[in-house]
Amino acid sequence: KAYSYILGQYLGDGHISLMKKGVYRLRIFSDCKYPNLIQEIKNNLSVIFPMNKVGSITKMYKEKPSCA
């Protein structure tokens with residue numbers, strides 16, 4: 001369930017970036033008007049990537065839950 005949810009969010013408004021040292025980061029963009037949605041994305045990312053840090057960045061009315 002968590003995987004399909006995150007896949008849908010990624011396909012809707014996300015991308016994967018190659019970071020320094022060959023690390024990939026998944027970023028999903030969401031409007032700050034929807035804090036419950038942002039929390040749901042973060043919760044599902046934590047389920048899929050239990051060993052990774054999951055966080056969010058607030059910038060200009062948008063919040064980006066991400067997993068590195």
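At what angle do α1 and helix α2 pack, and how far apart are their axes?

A: This is a predicted model, and in it α1 and helix α2, which spans residues 35-48, pack at an angle of about 125 degrees, with their axes 9 Å apart. Angles over 145 degrees would count as roughly antiparallel and those from 65 to 115 as roughly perpendicular, so α1 is oblique to α2. The crossing of these two helices, α1 and α2, is left-handed.

Turning to the residues involved, α1 contributes Ala2, Tyr3, Tyr5, Ile6 and Gln9, and these meet a set in α2 made up of Leu37, Glu40, Ile41, Asn44, Leu45, Val47 and Ile48.

Helix α1, residues 2-13, has the highest confidence in the chain, at a mean of 96, whereas strand β5, residues 62-67, has the lowest, at a mean of 60. For the chain, the mean pLDDT is 88, and 87% of the residues reach 70 or more. Where pLDDT is low, the predicted coordinates should not be read in detail.

Conventions
Residues numbered from 1 in each chain as written. Predicted model: local features only at pLDDT ≥ 70, side-chain atom pairs only at ≥ 80, totals over all residues. Heavy atoms only, no water. pLDDT = per-residue confidence, 0-100. Helix = DSSP H or I, 4+ residues; strand = E, 2+ residues; numbered from the N terminus. Axes fitted to C-alpha atoms, helices over the stretch in contact; angles between N-to-C directions. Parallel < 35°, antiparallel > 145°, perpendicular 65-115°, else oblique. Left-handed = near helix turned anticlockwise from the far one by under 90°. Contact = heavy atoms within 4.5 Å.
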